[in-house]
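Here are a few notes to read alongside the structure. Take them one at a time, and find each part in the viewer as you go.

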Amino acid sequence: MKIQRVVVVGTGLIGTSVALAVREKGAEVFLSDRDPASLAMAVELGAGTPLPRRLDRPADLAVIAVPPAAVAAALKDLQKRGVARFYTDVASVKARPVLDALKLGCDLATYVPGHPLAGRERSGPAAARGDLFLGRPWALCPTEAASGAAIEAVTALAEACGAEILTVDPVEHDRAVALVSHGPHVVSAAMAARLGDGTETALGLAGQGVRDVTRIAASDPDLWIGILTANAEPVAAVLDAVAGDLALAAAMLRAAHGADADVAEVIMQKVGDLLSRGNQGVARIPGKHGGGPSHYAIVSVLVPDSPGELSRLFHAVGEAGVNIEDLSIEHSPGLPLGVAELSVKPEAAEALAAELRDRGWSVPVRSES
Ligand SMILES: NC(=O)C1=CN([C@@H]2O[C@H](COP(=O)(O)OP(=O)(O)OC[C@H]3O[C@@H](n4cnc5c(N)ncnc54)[C@H](O)[C@@H]3O)[C@@H](O)[C@H]2O)C=CC1
Ligand SMILES: O=C(O)C(=O)Cc1ccc(O)cc1
């Protein structure tokens with residue numbers, strides 16, 4: 001099935017990313033948001049046109065991309081207005097929206113709850129990207145009431161976004177994401193919160209490790225309060241287990257400190273066990289399927305920390321005829337250099353690196369996918 005007309009309600013990060021992805025596949029997209037500024041920006045970005053109060057005929061599918069607690073009411077309203085033949089949502093929790101929809105008397109035959117396991121730590125349409133879902137898991141949680149045609153339509157949406165579909169029961173979904181998404185979010189926030197007490201010197205020494213561990217802690221607290229509230233018990237169970245490991249590690253470190261070397265070595269085995277279990281856990285995370293946003297090659301360039309240097313670099317890349325697909329800048333405060341990581345099409349990377357070196361830029365030999 002090809003979905004040709006899509007309505008997206010909630011033009012934030014996820015809604016606008018879905019809209020951009022299906023637009024790229026040729027679908028006609030109608031957008032709606034309770035915040036006129038979000039809607040205007042999504043339209044400006046080319047994600048679609050504003051949803052009129054009445055469509056001449058229903059869309060194939062409506063995608064509800066609003067906070068979890070607002071999903072069921074939006075579904076009820078859209079179904080009442082007959083906006084689409086089928087409906088889905090993208091909320092990070094699944095059991096609660098289904099229960100709410102049931103309570104509000106929504107039609108569950110045309111509704112297939114969904115959740116793309118892809119996102120960013122930034123909110124709003126400006127952070128959206130059409131390739132956000134490439135190769136990422138997309139959970140579908142159809143209830144028994146869902147019609148085959150509804151499942152087909154929502155499957156077609158996830159496929160059009162380039163995602164890998166996984167069908168899972170809503171309650172099992174929520175337990176699973178407590179482990180792989182919601183628990184990690186709180187752990188990241190807890191570590192990032194410690195940085196509030198850090199001295200300037202400590203923060204000046206921040207390297208990639210602390211950035212990796214705390215990246216998602218920059219996310220919108222209001223959105224996450226809604227997610228955690230709707231998945232409280234499973235998340236609490238993950239946090240208890242993590243807290244147990246951390247408390248044991250702290251106790252062992254104290255016990256080892258000041259103990260005789262041979263005793264300390266035995267005590268530190270316990271901490272070593274945790275680190276080894278950590279290695280095993282990381283190894284269990286499946287690689288991304290298909291080509292995701294990170295299938296670009298990265299060309300790293302050392303950039304002096306002085307005015308105009310980045311603009312000089314971008315000019316040089318432009319002169320080389322290469323498009324920058326994505327960009328990140330690693331810079332530790334106080335250091336005279338930063339590293340600009342330019343994501344470019346893999347076939348352009350080698351020539352770009354050579355061209356930049358010719359122009360006097362320092363480009364360490366490294367290219368990753
Ligand atoms: N942020 C992330 O990385 C991910 C978020 N999700 C889920 O996607 C949904 C949207 O999250 P984001 O796009 O990150 O949030 P966002 O804050 O970027 O966008 C949400 C948008 O919904 C609008 N909105 C809120 N209530 C509304 C209503 N009743 N009617 C119409 N518009 C309404 C807001 O004005 C805002 O523009 C949430 O349910 C979230 O759990 C799913 C995967 C990843
Ligand atoms: O930023 C990231 O890497 C994420 O993993 C974001 C994310 C947030 C919420 C979700 O429901 C799914 C994914």
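1. Start with strand β1 (residues 5-9) and strand β2 (residues 28-32) in this predicted model. The two strands run parallel and are joined by five bridges. To find one of these pairings, look for valine 8, whose bridge partner in β2 is leucine 31.

2. Now follow the chain between those strands. Together with helix α1 (residues 13-24), β1 and β2 form a β-α-β unit, and the unit is right-handed.

3. Next, look at strand β3 (residues 49-50), which pairs with β2 in the parallel sense over two bridges. Here phenylalanine 30 has threonine 49 as its bridge partner in β3. On the way from β2 to β3 the chain passes through helix α2 (residues 36-44), and this β-α-β crossover is right-handed.

4. Step back to see the whole chain, which is divided into domain 1 (5-168), domain 2 (174-255) and domain 3 (296-358). Between the C-alpha centres of domain 1 and domain 3 there are 36 Å.

5. Where does ligand 2 lie? Ligand 2 lies between domain 1 and domain 2, because both give residues to the shell around it. Among the surrounding residues are Ala118, Gly119, Ile216 and Trp224. By class, the shell has three nonpolar, three polar and two charged residues.

6. Finally, zoom in on the polar contacts of ligand 2. A side-chain N or O atom of serine 92 is 2.7 Å from an oxygen atom of the ligand. For histidine 115, a polar side-chain atom lies 2.5 Å from a ligand 2 oxygen, and for arginine 215 the distance is 2.7 Å. On its own, ligand 2 has 340 Å² of accessible area, and the protein covers 76% of it.

How values were computed:
Residues are numbered from 1 along each chain as its sequence is written. Chains are lettered from A and ligands numbered from 1 in the order in which they are written. This is a predicted model: local features need pLDDT of at least 70, side-chain atom pairs count only at pLDDT 80 or more; totals for chains, interfaces and linings use all residues. Side-chain values use heavy atoms; hydrogens and water are left out. Domain bounds come from an automatic or database domain assignment. Two strands pair if DSSP finds at least two bridges between them. Helices (H or I, at least four residues) and strands (E, at least two) are DSSP runs, numbered from the N terminus. A crossover is right-handed if, with the strands pointing away from the viewer, the path from the first strand over the helix to the second runs clockwise. A residue is near a molecule or strand if one of its heavy atoms lies within 4 Å of it. A polar contact is a pair of N or O atoms within 3.5 Å; within protein, one must be able to donate a hydrogen and the other to accept it, and residues adjacent in sequence count only if both atoms are side-chain atoms. Accessible areas come from the Shrake-Rupley method with a 1.4 Å probe; for residues, only the protein chains shown count as cover. Ala, Val, Leu, Ile, Met, Phe, Trp, Tyr, Cys and Pro count as nonpolar, Asp, Glu, Lys and Arg as charged, and the others, Gly among them, as polar.
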